Amino acid sequence: MRPLVARIDSAALGHNLMVAKRLAGRARLLAVIKANAYGHGLLRAAQALRAADGFAVLTLDEAIQLRAQGYSHPIVLLEGFFHADEIPEIARRRLQPVIHRADQVDALARARVECKIDCFLKLDSGMHRLGLQPKAMLDALARLKTLPHIGHITLMSHFARADEGGEYLLPQLDLFRRATAGLSQPISLANSAALMRHPESLGDWVRPGIMLYGASPFASETGEALGLLPAMRLESEIIAIQPVRKGEGVGYGHLFTAPRDMQVGIVACGYADGYPRHAQTGAPVLVEGRLTRTLGRVSMDMLHVDLSDLGHAHVGSPVTLWGDGCPVEAVATAAGTISYELLTAITARVRIEET
Ligand SMILES: Cc1ncc(COP(=O)(O)O)c(C=O)c1O
């Protein structure tokens with residue numbers, strides 16, 4: 001069997017949830033488990049995070065899988081329904097769609113359903129992605145309240161720059177507060193970064209994602225530094241060792257040239273597994289538990305690592321591509337991206353196992 005495996009630590013997920021719950025205080029917590037729980041496996045993550053007050057997913061299919069496993073938590077569909085024909089199923093499964101366009105209110109008004117639908121109504125407070133403008137949101141709210149088959153409504157918005165200083169978040173928070181002044185509905189605003197840095201934004205429901213998986217939403221800090229535990233360890237092995245002489249090139253395009261005679265390890269993991277091809281020489285990697293670096297260009301199924309100071313490394317030596325001791329954030333930085341992209345990009349051929 002190919003040695004590449006993503007090991008998921010359910011205890012780490014549980015620990016990170018407790019950290020998030022402590023920060024949330026009286027606010028209830030929706031665990032964001034879209035994108036296959038950020039690559040950790042939807043149902044595995046749901047089980048480890050079942051102490052959350054609810055789940056947030058993207059698609060009806062994800063929500064149906066959760067209901068089929070017996071989860072009776074509130075489940076929010078973060079982009080609502082894509083077509084009106086999803087509404088009866090949403091009602092039947094007691095899912096809570098995010099309503100972000102006026103025509104979705106029309107579709108709800110026309111729907112014939114047997115159960116009440118609770119929903120989230122989204123304001124665009126400055127992210128300019130999904131959400132209604134303030135006046136349109138108030139109109140939508142007024143209309144939704146007249147519909148007999150609409151139950152509880154939660155008002156929500158999403159921050160564009162919660163991972164930066166407060167001066168960037170506060171204008172959005174102000175706009176949200178002004179747009180919803182005098183309304184009595186519960187509110188939901190905070191992602192991981194806001195939950196960790198902006199207690200004034202917590203509201204009634206927080207929606208952390210990345211922190212539950214042990215990674216940091218902040219560019220300058222790792223999850224470990226924030227008291228989180230990495231929930232995924234991407235592991236493989238050395239499958240070959242090549243002697244490379246001073247001046248010789250390594251891998252496609254010979255992007256790395258050996259500055260001296262050296263030993264280069266070949267690891268069973270490549271971009272077809274989700275390892276970022278943009279990570280060239282210098283991405284951190286652990287071999288036999290010792291920190292070293294990748295060399296040259298990542299191939300489809302393999303990558304090269306520097307064994308210069310690891311004379312004892314051999315075929316079969318364990319390799320950690322990311323995980324405890326090799327933060328996914330550092331690998332992401334080396335690849336010019338963020339941990340979110342690496343975690344969610346793990347491909348289907350990578351075995352996922354629990355530790
Ligand atoms: C609407 C919404 N809420 C919450 C989250 C969770 O964000 P994070 O993973 O940064 O905590 C996301 C993630 O993309 C989102 O789109």
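This is a short walk through the structure above, from the whole chain down to a single residue.

Keep in mind from the start that the model is predicted. The chain contains 11 helices and 18 strands, and its C-alpha atoms fill a box of roughly 75 × 45 × 35 Å along the principal axes. Of its 355 residues, 44% count as buried. Now look at how the chain meets itself: among contacts with a separation of 6 or more, 61% are between residues 24 or more positions apart.

Let us turn to one helix. Helix H6 spans residues 102-110, and its buried residues are Gln-104, Val-105 and Leu-108. Why do these three lie on the same side of H6? They cover an arc of only 105° around the axis, so they end up on the same side of the helix. Asp-103 and Arg-110, on the other side of H6, are exposed. And what do the buried residues of H6 pack against? Their partners are helix H5 (87-92), strand S5 (95-99), strand S6 (117-122), helix H7 (134-146) and strand S7 (150-156).

Strand S14 (residues 284-287) and strand S15 (residues 290-295) run antiparallel and are joined by 4 bridges.

Finally, visit the ligand. Around the ligand you will find Val-32, Leu-78, His-158, Asn-191, Ser-192, Ala-193, Arg-207, Pro-208, Gly-209, Ile-210 and Pro-217. This shell divides into 6 nonpolar residues, 4 polar and 1 charged.

Let us pick out Ser-192, one of the residues around the ligand. Ser-192 sits in helix H9 (residues 192-197). Is Ser-192 buried or exposed? A residue needs 20 or more C-beta neighbours within 10 Å to be buried. Ser-192 has 28 C-beta neighbours inside 10 Å, and therefore counts as buried. Leaving aside residues up to four places away in sequence, Ser-192 touches Pro-208, Gly-209, Ile-210, Met-211 and Pro-217. Among these, Pro-208, Gly-209, Ile-210 and Pro-217 are also around the ligand. As for Arg-207, it is 15 residues from Ser-192 along the chain, and the C-alpha atoms of the two are separated by 7.0 Å.

Conventions: Residues are numbered from 1 along each chain as its sequence is written. This is a predicted model: local features need pLDDT of at least 70, side-chain atom pairs count only at pLDDT 80 or more; totals for chains, interfaces and linings use all residues. Helices (H or I, at least four residues) and strands (E, at least two) are DSSP runs, numbered from the N terminus. A residue is buried if 20 or more other C-beta atoms lie within 10 Å of its own, exposed if 12 or fewer, and partly exposed in between; C-beta atoms are placed from the backbone. Two residues are in contact if their C-beta atoms, placed from the backbone, lie within 7 Å. A residue is near a molecule or strand if its C-beta atom, placed from the backbone, lies within 6 Å of it. Ala, Val, Leu, Ile, Met, Phe, Trp, Tyr, Cys and Pro count as nonpolar, Asp, Glu, Lys and Arg as charged, and the others, Gly among them, as polar. The arc is that of the directions from the helix axis to the C-beta atoms. Two strands pair if DSSP finds at least two bridges between them.
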